[in-house]
Amino acid sequence: MRQPWRFIFIGPEQTESFAKKVAATYPEDRQQNRLEYLREPTAFLIIVMDVPESQKQYDENFGATACMIQNFWLLAWEHQLGVVWKTNSHIYDPQVKEILSVGKHEKIIGFLHLGYFDEKPAPKDRISVAEKFTAFKE
């Protein structure tokens, strides 16, 4: 029950100004590309995680946060809300942390790009369970 996460919501009325601020953190030759990319979602949900000193607690925090994101994602899809978890390089940029008021002992885990879709995307092929599963043998 550690619940090491917090959320920052960027709604539709703020996405343009937010996209400009984040795009401005990139080298000048990439800013237009990043601005166009960041204009695509209707909204963003930024996931921020507490960063403890212990590696064990960090791993547990990250696992718990990833599970929470997956649960959010599944619930959102039930309501026809498209969600994509993005971990672009700007999540590691100190300027972006400053824009979002992310604390010294916090980490941006990702940007969830949110938006409604006209048609549910077709499922992609997955690697079979047989290729991903082994059993320990003595």
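Start by selecting the largest nonpolar core, a set of 18 residues in which Phe18, Ile46, Leu100, Ile108 and Phe111 have the most contacts. Bear in mind as you click around that this is a predicted model.

Now colour the elements that build that core. Strand S1 (5-10), helix H1 (15-23), helix H2 (28-39), strand S2 (43-50) and strand S4 (106-116) each put in at least two residues. H1 gives the largest share, with 4 residues.

Next, pick Phe111 and show its surroundings. Leaving aside residues up to four places away in sequence, Phe111 touches Phe18, Phe44, Leu45, Ile46, Val84, Trp85, Lys86, His90, Ile91, Val96 and Leu100.

From Phe111, hop over to its contact His90. You'll find His90 in the loop between strand S3 (81-86) and helix H4 (94-99). Buried or exposed? His90 counts as buried because its relative accessibility is 2%, under the 20% cut-off. With residues up to four places away in sequence again left out, His90 touches Val22, Tyr26, Leu38, Val96 and Phe111.

Last stop: Glu28, in helix H2. At 72% relative accessibility, Glu28 counts as exposed, since the cut-off for that is over 50%. Finish by drawing a distance between the C-alpha atoms of Glu28 and Ala122: the two residues are 94 apart along the chain, and those atoms are separated by 36 Å.

Technical notes:
Residues numbered from 1 in each chain as written. Predicted model: local features only at pLDDT ≥ 70, side-chain atom pairs only at ≥ 80, totals over all residues. Heavy atoms only, no water. Core = buried A, V, L, I, M, F, W, Y, C linked by side-chain atoms within 4.5 Å. Buried < 20%, exposed > 50% of the residue type's maximum accessible area, 1.4 Å probe, protein only. Contact = heavy atoms within 4.5 Å.
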